[in-house]
Amino acid sequence: MKKLLLLLTISSLLFVSCDPNEDNDPIDTPEPTLAPATYNFARDGATTVSYSGQSTRIAMGQEFVSALKDETKTEAELDAMFDHQAGSADFSDADLNASSKNIRSKTAASTDLFSSNTTDATAIKNQFDSWIAEQVSDVFPNWSSDASAGVAGKIQEAGGGSTRYVNGKGVEINQAINKGLIGGLMADQMLNNYLGSAVLDAGTNTADNDAGTLADGKNYTTMEHKWDEGFGYLYGADDQENPTLGADSFLNKYLARVDGDTDFQGIATTIYDAFKLGRAAIVNKDYLTRDAQVDIIRENVSKVIAIRAVYYLQQGKANLGTDWASSFHDLSEGFGFVYSLQFTRNPGTSSAYFSTSEVNAFITTLTSGNGFWDLTADQLDTMSETIAARFGISVAQAGS
């Protein structure tokens, strides 16, 4: 009996010591992450935020798209602005000329979508090159001639409005390039490169961030900096701590336009808050919260592109056949946003909301025959409905 009682006592002690509810080996979890009031992060009294490269490319892009409307420019000059080489006098700003940055190398160049898809990446870069060449060889020489179906030239909006300069299909190539870069450069680099785990967590980034190891000669960890670079493609020409939006001709401008629509009011705050919280989560080593903010940013920035695509297709439809110039201007902007759909990012997946082949099919519809001159309202409605459905919005919401 004594032996039995001894065995029961030992067993009882073993059971207690192995109780899984006992906190013998606590898990080290971060405190809940709280976002600061503004995108303001510092270490030892000095800022840790840096996205100068993004500000540089936005400034280059601004001057480049303006030059596309200068009929005195040569193809070589425009190519040099697009594919700038350090030290070349391609811009009016000496700092831009001295920079080693350029636009072309970062177009369709994200790690997630294009690092292993060089075929599409090359084709997209070549498409921008071809648009530049066509602007110079076809549109510029007809700057003073009247456009017609199949013939490049000028066309004036009804009532003495603005004069638009289009190719033979009615496309303002400068608008196609401008809006195409919103996806091909700004969104692709943000959503599919700098906010992707392949970049944020590359190499020893996570271990270095956990240990507080700073990038060589810098006041930030590499992970912090990569997040800031994604942020910079939206706010690089804006005020990071008090964004008013509309500061550039790219994503910043059209986020403002979408946020100004009562159907989508608040989207700008949603994106800004997600950037702040994600950055704070990196400081806090809270990677689950960081990744949740990535999904929010991907969904909403992608939605901006889709909303403006539908908006311009519908606005173009409204003037089709009556005010050709107004219609073509809207359709040209819509063309660029449609082209940008292939650079969006569907959260929780490794792909864009629309594939390159799907986008190319849209572009074929828009440019077949005499292009915009031949488009029908039904074609524009079908395209608008397809885009809107993929994003869970309505044509009525986005198109007005």
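A nonpolar core is a set of buried Ala, Val, Leu, Ile, Met, Phe, Trp, Tyr and Cys residues joined through side-chain atoms within 4.5 Å, where buried means under 20% relative accessible area, exposed over 50%, and partly exposed in between, with a 1.4 Å probe and protein chains only. In soluble globular proteins, nonpolar side chains tend to be buried together.

## Basis of the model

Residues are numbered from 1 along each chain as its sequence is written, and side-chain values use heavy atoms, with hydrogens and water left out. Because the model is predicted, local features need pLDDT of at least 70 and side-chain atom pairs count only at pLDDT 80 or more, whereas totals for chains, interfaces and linings use all residues.

## Helix 11 and its cover

In helix 11 (residues 251-259), the buried residues are Leu251, Asn252, Tyr254, Leu255 and Val258. The cover over these buried residues includes helix 7 (173-194), helix 10 (222-235), helix 12 (267-283), helix 13 and helix 14 (324-340).

## Salt bridges

A search of the whole structure finds 16 salt bridges, each defined as a side-chain nitrogen of Lys or Arg within 4 Å of a carboxyl oxygen of Asp or Glu. Glu157 pairs in this way with Arg164, with the closest N and O atoms 3.0 Å apart; Glu157 is buried, at a relative accessible area of 16%, and Arg164 is buried with a relative accessible area of 16%. Asp291 forms a salt bridge with Arg290, the closest N and O atoms being 2.8 Å apart, and here Arg290 is buried at 1% relative accessible area, while Asp291 is partly exposed at 34%.

The side chains of Lys317 and Asp381 meet in a further salt bridge, 2.9 Å from N to O. This pair links distant parts of the chain, with Lys317 in helix 13 and Asp381 in helix 16 (residues 377-391), 64 residues apart. Lys317 is partly exposed, with a relative accessible area of 24%. Elsewhere, salt bridges that share partners join Arg43, Glu224, Asp228 and Arg279 into one network.

## The chain as a whole

The protein chain has 17 helices and four strands, which are DSSP runs numbered from the N terminus, helices being H or I with at least four residues and strands E with at least two. Along its principal axes the C-alpha trace spans about 110 × 50 × 40 Å, and of the 400 residues 49% count as buried. Among contacts between residues at least 6 apart in sequence, 68% join residues at least 24 apart.

The side chains of the protein chain include 28 positive and 53 negative ones, and the centres of the two sets lie 3 Å apart; Lys and Arg count as positive and Asp and Glu as negative, without His or the chain ends, and each charge is placed at NZ of Lys, CZ of Arg, CG of Asp or CD of Glu.

How values were computed
Contact means heavy atoms within 4.5 Å.
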